[in-house]
Amino acid sequence: MIMRRLTKLSVLLAAGACLVACASSNVERTSAHNVDIGVQNAKNLVGDADGDLSDAYQNSTQASKGAMLGGTAGGIAGSFMSGIGFIPGAFTGALLGGSYGGYIDSETTLGDQLENRGANVITLGDQIMVVMNSSRLFNGMTPDLKPSAYSTLDVLAQYINSYTKMLVKVTAYTDSVGQERVNQVISQKQAEAITKYLTAMGVNARLLVAEGAGGTSLIAKNQETWGDSDNYRIEITLEKLQA
């Protein structure tokens, strides 16, 4: 019996040594290196100059967010356990974070998932309004959808389709800086871009209305920076059809 246990232990130790060797061959196992990775990941999650990673984080699922945050935490933790674990800390953190994030995604409502992506979901009697900043969906001052916007619009389409007999009005707004006609055209094309995508995702086109309101309804002072202005926003209003 003892010999069997010793044999099993030796096999496990050999396998463990193999994993350590494999990990060591691909990852520099020094404290300074792992700290640098963790700190850099943390800086990236706060936001880079271009905002691409910030957009990707905002529009990702909980599972992806968990993996990103877990990877950062794991990278930092790896600096203190660089000579102990078989698997690099960042990978372990991403694995555990992604698993927990996947559980959160499976347990949250579509409304919660929209809010997780930066939208505000407001219920007013028989009306439901989903509001989000235009910079979350569009490239600056254009009607061109960002690639990172698609996951948010996918959830929005599911949310709309979870209701029946609802008229859906998509209204895009800008600030009042510049020519009024230009602002109106940009906002109209933005609203149409969203309704077109929602139609492609299965929302009944006969229940969709697109409207560009330009800078006719300001909710804040005009800002020179596109991403900082609350006036650049998209409002999706769901309203019950009258019998």
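Tutor: Helices (H or I, at least four residues) and strands (E, at least two) are DSSP runs, numbered from the N terminus. This is a predicted model, in which local features need pLDDT of at least 70 and side-chain atom pairs count only at pLDDT 80 or more, while totals for chains, interfaces and linings use all residues. Residues are numbered from 1 along each chain as its sequence is written, and side-chain values use heavy atoms, with hydrogens and water left out.

Student: What pattern does the chain follow along the sequence?

Tutor: The chain has eight helices and five strands, and read along the sequence they come as α-α-α-α-α-α-β-β-α-β-α-β-β.

Student: In what order do the strands of the sheet stand?

Tutor: Strands of a sheet pair through backbone hydrogen bonds, either parallel or antiparallel. Two strands are taken to pair if DSSP finds at least two bridges between them. Here the five strands form an open sheet with mixed pairing, in the order β1-β2-β5-β3-β4. Because β1 (120-124) and β4 (208-214) each have a single partner strand, they stand at the edges, with one side left without a neighbour in the sheet. Inside this order, β3 (residues 166-173) and β5 (residues 233-240) pair in the antiparallel sense over eight bridges, and Val170 stands opposite Ile236 in β5.

Student: Is Leu114 buried or exposed, and which residues is Leu114 in contact with?

Tutor: Buried means under 20% relative accessible area, exposed over 50%, and partly exposed in between (1.4 Å probe, protein chains only). Leu114, which lies in helix α6 (residues 110-116), has 0% relative accessibility and therefore counts as buried. Contact means heavy atoms within 4.5 Å; leaving aside neighbours within four places in sequence, Leu114 is in contact with Ala119, Val121, Val130, Thr152, Val155, Leu156 and Tyr159.

Student: How many salt bridges does the structure hold?

Tutor: Side chains of opposite charge can pair when their charged atoms come close. A salt bridge is counted when a side-chain nitrogen of Lys or Arg is within 4 Å of a carboxyl oxygen of Asp or Glu, and the structure holds two. In one, the side chains of Lys169 and Glu211 meet at 2.8 Å, N to O, a pair that links strand β3 to strand β4 across 42 residues. Lys169 counts as partly exposed because its relative accessibility is 34%, and Glu211 likewise counts as partly exposed, at 29%. The side chains of Arg233 and Glu235 also meet in a salt bridge, at 3.0 Å, N to O, and both Arg233 and Glu235 are buried.
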